[in-house]
Amino acid sequence: MPRLSDSMEEGTILKWLVAPGADVKRGQELVEIETDKATMTYEADADGALEIVAAEGDTLPIGTLIARIGGDSDPSGNGAAEGVDGASAEGASGASAEGAEPVDSAPRPQQGPPPVAAARSVPATGAVAPPAPPTGSAAPARTRASPLARRLAREQGVDVAGLHGTGPGGRVVKADVEAAKGAPATETPPAETPAPLAPSGSPAPVPSPGAAQTGTAKGTVTSQDLTRTQQLVARRMAESKATVPEFTLTTEIDMERAVALRAEIKALDDEAPAPSYNDMVVKACGLALREFPRANGAYRDGRFELYSRVNVGVAVAVQDALVVPTVFDADARGLGEVAAATRALAERVRSNEITPPELSGGTFTVSNLGMYGVTMFTAVINPPQAAILAVGAMTPRAVASDGQVVVRNVMPVTLACDHRILYGADAAQFLARIRELLEHPLALLV
(Lines give C-alpha, C1' and ligand atoms only; values in the text may rest on other atoms or scores of the structure.)
Protein backbone atom coordinates (compact mmCIF):
# COMPACT_ATOMS: atom_id res chain seq x y z
CA MET A 1 0.00 0.00 0.00
CA PRO A 2 1.72 3.21 -1.17
CA ARG A 3 1.71 6.49 0.70
CA LEU A 4 -0.28 8.86 -1.50
CA SER A 5 -0.62 11.84 0.85
CA ASP A 6 1.33 13.30 3.74
CA SER A 7 -1.36 12.39 6.28
CA MET A 8 -2.29 8.99 4.85
CA GLU A 9 -2.11 6.07 7.29
CA GLU A 10 -4.09 3.45 5.37
CA GLY A 11 -5.85 3.06 2.05
CA THR A 12 -8.81 1.19 0.60
CA ILE A 13 -8.53 -0.67 -2.69
CA LEU A 14 -11.53 0.37 -4.73
CA LYS A 15 -10.89 -1.33 -8.07
CA TRP A 16 -8.16 -3.29 -9.80
CA LEU A 17 -7.78 -1.98 -13.36
CA VAL A 18 -5.74 -5.00 -14.58
CA ALA A 19 -6.72 -8.66 -14.46
CA PRO A 20 -4.64 -11.03 -12.28
CA GLY A 21 -1.75 -12.56 -14.23
CA ALA A 22 -1.84 -9.95 -16.99
CA ASP A 23 1.41 -8.41 -18.21
CA VAL A 24 1.76 -4.74 -17.30
CA LYS A 25 4.16 -2.02 -18.34
CA ARG A 26 5.88 0.54 -16.18
CA GLY A 27 3.59 3.57 -15.81
CA GLN A 28 0.41 1.60 -16.57
CA GLU A 29 -2.53 2.31 -14.26
CA LEU A 30 -3.03 -0.65 -11.93
CA VAL A 31 -5.49 0.15 -9.16
CA GLU A 32 -7.75 2.84 -7.74
CA ILE A 33 -6.99 3.56 -4.07
CA GLU A 34 -9.11 5.68 -1.73
CA THR A 35 -6.98 7.68 0.70
CA ASP A 36 -7.95 10.00 3.53
CA LYS A 37 -8.09 12.89 1.07
CA ALA A 38 -9.00 11.64 -2.40
CA THR A 39 -9.26 8.66 -4.73
CA MET A 40 -6.00 8.10 -6.60
CA THR A 41 -4.90 5.84 -9.43
CA TYR A 42 -1.62 4.04 -8.70
CA GLU A 43 0.72 3.15 -11.57
CA ALA A 44 3.05 0.21 -12.07
CA ASP A 45 6.69 0.90 -11.25
CA ALA A 46 8.05 -2.07 -13.21
CA ASP A 47 7.29 -4.39 -16.15
CA GLY A 48 6.02 -7.93 -15.64
CA ALA A 49 3.07 -10.13 -14.75
CA LEU A 50 0.71 -8.81 -12.10
CA GLU A 51 0.02 -11.00 -9.07
CA ILE A 52 -2.80 -9.52 -6.96
CA VAL A 53 -2.65 -10.07 -3.19
CA ALA A 54 -5.23 -7.67 -1.75
CA ALA A 55 -8.85 -7.71 -2.90
CA GLU A 56 -11.16 -4.87 -3.81
CA GLY A 57 -12.66 -3.35 -0.69
CA ASP A 58 -9.70 -4.23 1.55
CA THR A 59 -8.48 -1.42 3.81
CA LEU A 60 -4.79 -1.84 4.59
CA PRO A 61 -2.08 0.18 6.35
CA ILE A 62 0.76 1.77 4.42
CA GLY A 63 3.48 -0.72 3.49
CA THR A 64 1.23 -3.78 3.41
CA LEU A 65 1.77 -5.98 0.35
CA ILE A 66 -1.09 -5.56 -2.14
CA ALA A 67 0.46 -7.03 -5.33
CA ARG A 68 3.65 -8.24 -7.00
CA ILE A 69 4.95 -7.50 -10.46
CA GLY A 70 7.37 -9.82 -12.26
CA GLY A 71 8.23 -13.49 -12.08
CA ASP A 72 5.78 -16.37 -12.32
CA SER A 73 2.28 -15.28 -11.44
CA ASP A 74 -0.67 -17.21 -10.10
CA PRO A 75 -3.68 -15.60 -11.79
CA SER A 76 -5.97 -16.74 -9.02
CA GLY A 77 -4.01 -14.82 -6.45
CA ASN A 78 -4.20 -17.78 -4.02
CA GLY A 79 -0.48 -18.20 -3.75
CA ALA A 80 0.17 -14.54 -3.27
CA ALA A 81 0.09 -14.75 0.50
CA GLU A 82 2.18 -17.90 0.89
CA GLY A 83 5.74 -17.58 2.09
CA VAL A 84 5.79 -13.83 1.96
CA ASP A 85 8.19 -12.00 4.24
CA GLY A 86 6.92 -8.47 4.67
CA ALA A 87 10.46 -7.18 5.12
CA SER A 88 11.59 -8.48 1.72
CA ALA A 89 8.39 -8.38 -0.37
CA GLU A 90 9.09 -7.48 -3.96
CA GLY A 91 7.05 -5.15 -6.11
CA ALA A 92 5.36 -3.46 -3.17
CA SER A 93 8.11 -1.00 -2.38
CA GLY A 94 9.64 2.05 -3.97
CA ALA A 95 11.16 5.34 -2.89
CA SER A 96 10.08 6.42 0.56
CA ALA A 97 7.72 9.34 0.69
CA GLU A 98 8.30 10.07 4.39
CA GLY A 99 8.88 13.75 4.80
CA ALA A 100 8.32 14.50 1.10
CA GLU A 101 6.46 17.76 0.60
CA PRO A 102 3.93 17.60 -2.25
CA VAL A 103 3.75 20.76 -4.32
CA ASP A 104 1.96 22.09 -7.36
CA SER A 105 3.45 23.03 -10.68
CA ALA A 106 3.45 26.78 -10.01
CA PRO A 107 6.89 28.44 -10.21
CA ARG A 108 8.52 29.37 -6.96
CA PRO A 109 9.93 32.88 -7.40
CA GLN A 110 13.49 33.54 -6.21
CA GLN A 111 13.41 30.57 -3.88
CA GLY A 112 15.06 27.91 -5.98
CA PRO A 113 13.31 24.89 -7.46
CA PRO A 114 10.30 23.50 -5.60
CA PRO A 115 10.80 20.37 -3.54
CA VAL A 116 10.38 17.04 -5.28
CA ALA A 117 6.84 15.65 -5.27
CA ALA A 118 6.09 12.79 -2.97
CA ALA A 119 7.10 9.36 -4.23
CA ARG A 120 4.32 7.07 -5.26
CA SER A 121 5.11 4.19 -2.91
CA VAL A 122 6.88 3.38 0.34
CA PRO A 123 8.98 0.44 1.54
CA ALA A 124 7.00 -2.53 2.71
CA THR A 125 9.27 -3.10 5.69
CA GLY A 126 7.33 -4.71 8.47
CA ALA A 127 4.31 -5.39 6.25
CA VAL A 128 2.91 -8.87 6.70
CA ALA A 129 0.73 -10.42 4.03
CA PRO A 130 -2.37 -12.25 5.20
CA PRO A 131 -1.68 -15.96 5.75
CA ALA A 132 -2.90 -18.49 3.23
CA PRO A 133 -5.80 -20.71 4.26
CA PRO A 134 -4.62 -24.06 5.66
CA THR A 135 -4.84 -27.11 3.40
CA GLY A 136 -5.76 -30.65 4.33
CA SER A 137 -7.77 -29.55 7.34
CA ALA A 138 -11.03 -31.24 8.13
CA ALA A 139 -12.49 -28.07 9.67
CA PRO A 140 -14.46 -25.92 7.23
CA ALA A 141 -12.53 -22.84 6.12
CA ARG A 142 -13.98 -19.39 6.79
CA THR A 143 -15.39 -17.85 3.66
CA ARG A 144 -12.93 -15.40 2.14
CA ALA A 145 -14.53 -11.98 1.76
CA SER A 146 -13.35 -8.39 1.78
CA PRO A 147 -14.27 -6.22 4.79
CA LEU A 148 -16.49 -4.07 2.60
CA ALA A 149 -18.31 -7.14 1.28
CA ARG A 150 -18.87 -8.46 4.82
CA ARG A 151 -20.25 -5.13 5.98
CA LEU A 152 -22.63 -4.87 3.01
CA ALA A 153 -23.69 -8.47 3.55
CA ARG A 154 -24.60 -7.74 7.18
CA GLU A 155 -26.56 -4.67 6.17
CA GLN A 156 -28.42 -6.48 3.37
CA GLY A 157 -29.00 -9.70 5.33
CA VAL A 158 -26.93 -11.76 2.88
CA ASP A 159 -24.95 -14.83 4.01
CA VAL A 160 -21.47 -14.56 2.50
CA ALA A 161 -20.94 -18.30 3.01
CA GLY A 162 -23.52 -18.98 0.32
CA LEU A 163 -21.99 -16.65 -2.27
CA HIS A 164 -19.67 -17.51 -5.14
CA GLY A 165 -16.75 -15.12 -4.96
CA THR A 166 -15.50 -13.52 -8.16
CA GLY A 167 -12.53 -11.76 -6.59
CA PRO A 168 -8.93 -12.99 -6.57
CA GLY A 169 -8.73 -16.53 -5.24
CA GLY A 170 -12.53 -16.81 -5.09
CA ARG A 171 -12.85 -14.02 -2.54
CA VAL A 172 -16.30 -12.51 -2.12
CA VAL A 173 -16.22 -8.84 -3.09
CA LYS A 174 -18.70 -5.97 -3.06
CA ALA A 175 -20.11 -6.81 -6.50
CA ASP A 176 -20.98 -10.35 -5.38
CA VAL A 177 -23.02 -9.05 -2.43
CA GLU A 178 -24.78 -6.47 -4.57
CA ALA A 179 -25.69 -9.15 -7.10
CA ALA A 180 -27.13 -11.38 -4.38
CA LYS A 181 -28.92 -8.80 -2.25
CA GLY A 182 -32.15 -9.31 -4.20
CA ALA A 183 -32.22 -13.00 -3.17
CA PRO A 184 -33.78 -14.11 0.14
CA ALA A 185 -31.36 -14.07 3.06
CA THR A 186 -30.24 -17.48 4.35
CA GLU A 187 -30.49 -16.26 7.92
CA THR A 188 -33.33 -14.43 9.55
CA PRO A 189 -31.99 -11.37 11.34
CA PRO A 190 -32.96 -11.05 15.00
CA ALA A 191 -36.17 -9.21 15.62
CA GLU A 192 -35.74 -5.57 16.57
CA THR A 193 -37.85 -3.50 18.88
CA PRO A 194 -40.47 -1.90 16.66
CA ALA A 195 -39.92 1.79 16.19
CA PRO A 196 -42.69 4.07 17.44
CA LEU A 197 -44.92 5.57 14.84
CA ALA A 198 -44.04 8.98 13.49
CA PRO A 199 -46.11 11.84 14.88
CA SER A 200 -49.30 12.51 12.98
CA GLY A 201 -48.71 14.62 9.92
CA SER A 202 -44.91 14.17 9.90
CA PRO A 203 -43.23 11.92 7.33
CA ALA A 204 -41.40 8.84 8.50
CA PRO A 205 -37.62 9.20 8.14
CA VAL A 206 -36.13 7.67 5.00
CA PRO A 207 -33.00 5.62 5.73
CA SER A 208 -29.85 6.25 3.74
CA PRO A 209 -28.45 3.38 1.65
CA GLY A 210 -26.20 1.13 3.70
CA ALA A 211 -27.32 2.61 7.03
CA ALA A 212 -28.06 0.47 10.07
CA GLN A 213 -31.34 1.17 11.86
CA THR A 214 -32.65 0.55 15.34
CA GLY A 215 -35.90 1.52 17.00
CA THR A 216 -35.79 3.61 20.19
CA ALA A 217 -37.94 6.11 22.05
CA LYS A 218 -36.39 8.75 19.76
CA GLY A 219 -37.87 7.04 16.73
CA THR A 220 -35.86 5.31 14.06
CA VAL A 221 -32.15 5.82 14.70
CA THR A 222 -29.99 5.56 11.61
CA SER A 223 -26.26 4.86 12.04
CA GLN A 224 -23.93 5.71 9.17
CA ASP A 225 -20.25 4.95 8.74
CA LEU A 226 -18.00 7.93 8.11
CA THR A 227 -16.22 8.27 4.80
CA ARG A 228 -12.44 8.42 4.91
CA THR A 229 -12.58 12.18 4.40
CA GLN A 230 -15.04 12.57 7.27
CA GLN A 231 -12.85 10.37 9.48
CA LEU A 232 -9.86 12.61 8.73
CA VAL A 233 -11.82 15.79 9.44
CA ALA A 234 -13.13 14.38 12.73
CA ARG A 235 -9.69 13.26 13.86
CA ARG A 236 -7.90 16.48 12.94
CA MET A 237 -10.56 18.76 14.42
CA ALA A 238 -10.55 16.80 17.68
CA GLU A 239 -6.76 17.00 17.70
CA SER A 240 -6.92 20.75 17.15
CA LYS A 241 -9.37 21.46 19.98
CA ALA A 242 -7.54 19.12 22.36
CA THR A 243 -3.98 20.32 21.74
CA VAL A 244 -4.02 23.89 20.38
CA PRO A 245 -4.36 26.79 22.89
CA GLU A 246 -6.22 29.14 20.58
CA PHE A 247 -7.42 32.70 20.86
CA THR A 248 -9.42 34.77 18.39
CA LEU A 249 -9.36 38.32 17.07
CA THR A 250 -12.22 39.95 15.14
CA THR A 251 -12.35 43.07 13.01
CA GLU A 252 -14.49 44.62 10.30
CA ILE A 253 -13.12 45.59 6.89
CA ASP A 254 -14.45 48.43 4.77
CA MET A 255 -14.74 46.75 1.35
CA GLU A 256 -16.07 49.78 -0.55
CA ARG A 257 -12.88 50.25 -2.57
CA ALA A 258 -12.62 46.51 -3.20
CA VAL A 259 -16.17 46.55 -4.60
CA ALA A 260 -15.26 49.45 -6.89
CA LEU A 261 -12.05 47.73 -8.04
CA ARG A 262 -13.87 44.53 -8.88
CA ALA A 263 -16.44 46.49 -10.88
CA GLU A 264 -13.65 48.18 -12.87
CA ILE A 265 -11.94 44.86 -13.58
CA LYS A 266 -15.23 43.37 -14.70
CA ALA A 267 -15.91 46.33 -16.99
CA LEU A 268 -12.60 45.82 -18.77
CA ASP A 269 -13.65 42.35 -19.92
CA ASP A 270 -17.26 41.27 -19.49
CA GLU A 271 -16.56 37.73 -20.70
CA ALA A 272 -13.64 36.92 -18.40
CA PRO A 273 -14.62 36.15 -14.78
CA ALA A 274 -13.51 38.88 -12.40
CA PRO A 275 -11.66 37.95 -9.18
CA SER A 276 -14.07 37.28 -6.35
CA TYR A 277 -13.85 38.99 -2.97
CA ASN A 278 -12.58 35.70 -1.55
CA ASP A 279 -9.77 35.77 -4.14
CA MET A 280 -8.86 39.22 -2.85
CA VAL A 281 -8.82 37.87 0.71
CA VAL A 282 -6.52 35.00 -0.31
CA LYS A 283 -4.15 37.40 -2.07
CA ALA A 284 -4.17 39.83 0.88
CA CYS A 285 -3.40 36.96 3.25
CA GLY A 286 -0.55 35.85 1.01
CA LEU A 287 1.07 39.30 1.10
CA ALA A 288 0.53 39.67 4.86
CA LEU A 289 1.93 36.20 5.58
CA ARG A 290 5.14 37.14 3.78
CA GLU A 291 5.53 40.09 6.17
CA PHE A 292 4.70 38.05 9.30
CA PRO A 293 6.70 34.79 9.08
CA ARG A 294 5.38 33.32 12.33
CA ALA A 295 1.83 33.49 11.00
CA ASN A 296 3.17 31.40 8.11
CA GLY A 297 4.68 28.80 10.43
CA ALA A 298 3.84 26.10 12.93
CA TYR A 299 4.62 25.06 16.48
CA ARG A 300 6.05 21.53 16.56
CA ASP A 301 7.90 19.63 19.26
CA GLY A 302 8.89 22.69 21.25
CA ARG A 303 10.19 24.73 18.33
CA PHE A 304 8.92 27.03 15.58
CA GLU A 305 8.80 25.89 11.97
CA LEU A 306 8.92 28.81 9.54
CA TYR A 307 8.16 28.10 5.89
CA SER A 308 9.74 29.83 2.90
CA ARG A 309 6.69 29.32 0.70
CA VAL A 310 3.33 30.98 1.34
CA ASN A 311 0.64 28.41 0.52
CA VAL A 312 -2.93 29.39 1.37
CA GLY A 313 -5.56 26.67 1.74
CA VAL A 314 -9.10 27.55 0.67
CA ALA A 315 -11.90 25.60 2.37
CA VAL A 316 -14.38 24.15 -0.14
CA ALA A 317 -17.64 22.57 1.01
CA VAL A 318 -18.69 19.37 -0.75
CA GLN A 319 -21.46 16.93 0.09
CA ASP A 320 -21.01 15.70 3.67
CA ALA A 321 -17.36 16.83 3.81
CA LEU A 322 -14.97 19.77 3.83
CA VAL A 323 -11.94 19.80 1.53
CA VAL A 324 -9.10 22.35 1.64
CA PRO A 325 -7.11 22.60 -1.62
CA THR A 326 -3.99 24.75 -1.65
CA VAL A 327 -3.12 27.89 -3.62
CA PHE A 328 0.66 27.64 -3.76
CA ASP A 329 2.82 30.78 -3.61
CA ALA A 330 -0.19 33.03 -3.05
CA ASP A 331 2.12 35.92 -2.19
CA ALA A 332 3.96 35.79 -5.53
CA ARG A 333 1.03 35.19 -7.86
CA GLY A 334 -0.98 38.01 -9.39
CA LEU A 335 -4.58 38.50 -8.33
CA GLY A 336 -5.77 37.07 -11.64
CA GLU A 337 -3.61 33.97 -11.18
CA VAL A 338 -4.95 33.47 -7.66
CA ALA A 339 -8.51 33.76 -8.96
CA ALA A 340 -7.87 31.23 -11.75
CA ALA A 341 -6.22 28.82 -9.32
CA THR A 342 -9.04 28.94 -6.76
CA ARG A 343 -11.70 28.41 -9.46
CA ALA A 344 -9.81 25.45 -10.93
CA LEU A 345 -9.25 23.88 -7.51
CA ALA A 346 -12.90 24.27 -6.49
CA GLU A 347 -14.04 22.65 -9.74
CA ARG A 348 -11.63 19.74 -9.26
CA VAL A 349 -12.85 19.22 -5.70
CA ARG A 350 -16.52 19.15 -6.74
CA SER A 351 -15.81 16.79 -9.65
CA ASN A 352 -13.78 14.52 -7.35
CA GLU A 353 -10.66 14.99 -9.49
CA ILE A 354 -8.52 16.71 -6.85
CA THR A 355 -5.20 15.00 -6.07
CA PRO A 356 -3.45 14.62 -2.69
CA PRO A 357 -0.58 16.97 -3.66
CA GLU A 358 -3.16 19.70 -4.30
CA LEU A 359 -4.55 19.15 -0.80
CA SER A 360 -1.17 19.24 0.94
CA GLY A 361 1.49 21.79 1.76
CA GLY A 362 -0.80 24.51 3.10
CA THR A 363 0.73 26.99 5.57
CA PHE A 364 -2.45 29.01 6.30
CA THR A 365 -6.19 28.58 5.68
CA VAL A 366 -9.08 30.85 4.66
CA SER A 367 -12.63 29.69 5.41
CA ASN A 368 -15.46 31.77 3.93
CA LEU A 369 -19.12 31.21 4.86
CA GLY A 370 -20.29 34.62 3.72
CA MET A 371 -22.07 33.14 0.70
CA TYR A 372 -24.40 31.38 3.14
CA GLY A 373 -25.33 34.62 4.88
CA VAL A 374 -23.20 33.89 7.96
CA THR A 375 -22.18 37.22 9.43
CA MET A 376 -19.45 36.02 11.80
CA PHE A 377 -17.95 32.73 12.99
CA THR A 378 -14.79 31.18 14.39
CA ALA A 379 -13.07 28.50 12.32
CA VAL A 380 -11.11 25.59 13.83
CA ILE A 381 -7.35 25.77 13.27
CA ASN A 382 -6.02 23.15 10.86
CA PRO A 383 -2.99 21.79 12.77
CA PRO A 384 -0.10 22.31 12.63
CA GLN A 385 -0.83 25.67 10.98
CA ALA A 386 -0.50 28.75 13.18
CA ALA A 387 -3.81 30.38 12.25
CA ILE A 388 -6.98 30.35 10.16
CA LEU A 389 -9.08 33.29 8.91
CA ALA A 390 -12.88 33.03 9.01
CA VAL A 391 -14.65 35.37 6.57
CA GLY A 392 -18.27 36.42 7.08
CA ALA A 393 -20.83 37.93 4.72
CA MET A 394 -20.17 41.37 3.24
CA THR A 395 -23.23 43.55 3.82
CA PRO A 396 -24.10 47.25 3.33
CA ARG A 397 -24.05 49.00 6.69
CA ALA A 398 -24.51 52.52 7.98
CA VAL A 399 -21.18 53.77 9.34
CA ALA A 400 -19.77 57.10 10.44
CA SER A 401 -17.32 58.68 7.99
CA ASP A 402 -15.95 62.21 8.28
CA GLY A 403 -18.73 63.21 10.65
CA GLN A 404 -21.48 61.85 8.43
CA VAL A 405 -23.46 58.64 8.35
CA VAL A 406 -22.87 56.79 5.07
CA VAL A 407 -23.59 53.31 3.76
CA ARG A 408 -20.49 51.18 3.23
CA ASN A 409 -19.91 47.53 2.35
CA VAL A 410 -18.49 45.97 5.49
CA MET A 411 -17.04 42.46 5.87
CA PRO A 412 -16.31 40.92 9.30
CA VAL A 413 -13.35 38.56 9.68
CA THR A 414 -12.15 36.47 12.64
CA LEU A 415 -8.59 35.21 13.04
CA ALA A 416 -8.08 32.11 15.20
CA CYS A 417 -4.46 31.71 16.34
CA ASP A 418 -2.26 29.12 18.02
CA HIS A 419 -0.96 31.05 21.05
CA ARG A 420 2.16 28.88 21.19
CA ILE A 421 3.58 30.57 18.09
CA LEU A 422 1.42 33.62 17.36
CA TYR A 423 1.03 36.04 20.28
CA GLY A 424 -1.65 38.68 20.70
CA ALA A 425 0.24 41.72 19.46
CA ASP A 426 1.74 39.87 16.48
CA ALA A 427 -1.65 38.48 15.52
CA ALA A 428 -3.27 41.92 15.83
CA GLN A 429 -0.66 43.47 13.53
CA PHE A 430 -1.06 40.62 11.05
CA LEU A 431 -4.84 41.03 10.96
CA ALA A 432 -4.50 44.80 10.67
CA ARG A 433 -2.25 44.32 7.63
CA ILE A 434 -4.87 42.10 5.96
CA ARG A 435 -7.49 44.77 6.62
CA GLU A 436 -5.23 47.52 5.24
CA LEU A 437 -4.57 45.58 2.02
CA LEU A 438 -8.28 44.97 1.44
CA GLU A 439 -9.26 48.56 2.21
CA HIS A 440 -6.60 49.75 -0.29
CA PRO A 441 -6.91 46.95 -2.87
CA LEU A 442 -4.66 48.50 -5.52
CA ALA A 443 -1.82 46.96 -3.47
CA LEU A 444 -3.17 43.55 -4.47
CA LEU A 445 -2.42 44.32 -8.12
CA VAL A 446 1.22 45.34 -7.61
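# Aromatic contacts, surface patch and backbone

Tyr299 is partly exposed, at 26% relative accessibility. Here buried stands for under 20% relative accessible area, exposed for over 50%, and partly exposed for what lies in between, with a 1.4 Å probe and protein chains only. This is a predicted model, in which local features need pLDDT of at least 70 and side-chain atom pairs count only at pLDDT 80 or more, while totals for chains, interfaces and linings use all residues. Residues are numbered from 1 along each chain as its sequence is written, and side-chain values use heavy atoms, with hydrogens and water left out.

**Overall build.** The protein has seven helices and 20 strands. Both are DSSP runs numbered from the N terminus: helices are H or I with at least four residues, strands E with at least two. Of the 446 residues, 41% are buried. The protein exposes about 23100 Å², and carbon and sulfur atoms supply 53% of that area. Areas follow the Shrake-Rupley method with a 1.4 Å probe; for residues, only the protein chains shown count as cover. Among contacts with a separation of 6 or more, 63% link residues 24 or more positions apart. A contact means heavy atoms within 4.5 Å.

**Aromatic pairs.** Rings of Phe, Tyr and Trp (its six-membered ring) pair if their centres lie within 6.5 Å; planes under 30 degrees apart are stacked, over 60 edge-to-face, and the rest tilted. This rule gives three aromatic pairs. Tyr299 and Phe304 make an edge-to-face pair, because their ring centres are 6.5 Å apart and their planes stand at 65°. Phe364 and Phe430 are also edge-to-face, with centres 5.7 Å apart and planes at 85°. Phe364 belongs to strand 17 (residues 364-368) and Phe430 to helix 7 (residues 424-439), so this pair ties together parts 66 residues apart in sequence. Phe292, Phe364 and Phe430 make up one aromatic cluster.

**Surface patch.** Which residues form a nonpolar patch on the surface? They are Phe304, Leu306 and Tyr423, with about 280 Å² of accessible area together. Patch members have over 30% relative accessible area and no salt bridge; like charges are joined within 9 Å, nonpolar side chains (Val, Leu, Ile, Met, Phe, Trp, Tyr) within 5 Å. A salt bridge puts a side-chain nitrogen of Lys or Arg within 4 Å of a carboxyl oxygen of Asp or Glu. Phe304 sits in strand 12 (residues 303-306).

**Charges over rings.** Tyr423 also has Arg294 over its face, at 5.0 Å from the ring centre. The charged end of Arg262 sits over the ring of Tyr277, 5.3 Å from its centre. The test asks for NZ of Lys or CZ of Arg within 6 Å of the ring centre and within 35 degrees of the ring normal.

**Backbone.** Pro383 and Pro384 are joined by a cis peptide bond, with omega about 10°. Pro384 lies in the loop between strand 17 and strand 18 (387-391). Asp329 has a positive phi, near 55°, and is not a glycine. Its loop runs between strand 16 (326-327) and helix 6 (335-350). Asp402 likewise has a positive phi near 55°. Asp402 is in the loop between strand 19 (395-401) and strand 20 (404-418).

How are these residues covered?

| Residue | Relative accessible area | Class |
|---|---|---|
| Phe304 | 36% | partly exposed |
| Phe364 | 0% | buried |
| Phe430 | 0% | buried |
| Asp329 | 2% | buried |
| Asp402 | 80% | exposed |
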